[in-house]
Amino acid sequence: MELIAAALDKPLSPVQDLSEEKDTARRICASSVLHQVDQACRRLVSQAMQDARDRDASPSGMRALAAELGQLKGRLLEDLRRRALQDGPAGLGDGVEAAVSRAVALFDRDKTDLMRRFCTVTPP
């Protein structure tokens, strides 16, 4: 009887469901990283298109390059979004700045490969 009386005097608090708070935190973190990566990739795309113009790329080559760069950026952002929402901040590794730097470096590498493929004329 004492056990029942003690349990009634000090009931356990219900388990708090923090999943909504965790989802909100994940979305905020992901959107910050995504926004920064998107902005950096836009600058790199703009620079790549200017380089292609400077290298006298054909109009059809420019369109194809723009399409490829857009798809590359979209795949990168979707991968980041999926990873950040799935794993939360832990999925980003060492934090927002490191995640942004890694993602931009990957995009820049792939952008350089595309530039080699579409712009065979070397700059002066």
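Predicted model: local features only at pLDDT ≥ 70, side-chain atom pairs only at ≥ 80, totals over all residues.
Trainee: Ok, what does Arg42 pair with?

Mentor: The side chain of Arg42 meets that of Asp38 in a salt bridge, at 2.9 Å from N to O, and both residues lie in helix α2, four residues apart, which is about one turn of the helix.

Trainee: And is Asp38 buried or exposed?

Mentor: Asp38 counts as buried because its relative accessibility is 13%, under the 20% cut-off, whereas Arg42 counts as partly exposed at 48%.

Trainee: Which residues are linked in a network with those two?

Mentor: Lys73 is linked with Asp38 and Arg42 in a network of salt bridges.

Trainee: Switching to helix α4, what about Lys111?

Mentor: Lys111 forms a salt bridge with Asp108, with the closest N and O atoms 3.3 Å apart, and the two are separated by about one helical turn because they are three residues apart in helix α4, residues 96-118. Lys111 counts as buried at 7% relative accessibility, while Asp108 is partly exposed at 30%.

Trainee: New topic: where is Asp56?

Mentor: Asp56 is found in the loop between α2 (19-54) and α3 (59-87), and it counts as exposed, since its relative accessibility is 68%.

Trainee: What is the phi of Asp56?

Mentor: Phi of Asp56 is near 60°, a positive value in a residue other than glycine. Most residues other than glycine have a negative phi.

Conventions. Residues numbered from 1 in each chain as written. Heavy atoms only, no water. Buried < 20%, exposed > 50% of the residue type's maximum accessible area, 1.4 Å probe, protein only. Salt bridge = Lys/Arg side-chain N within 4 Å of Asp/Glu carboxyl O.
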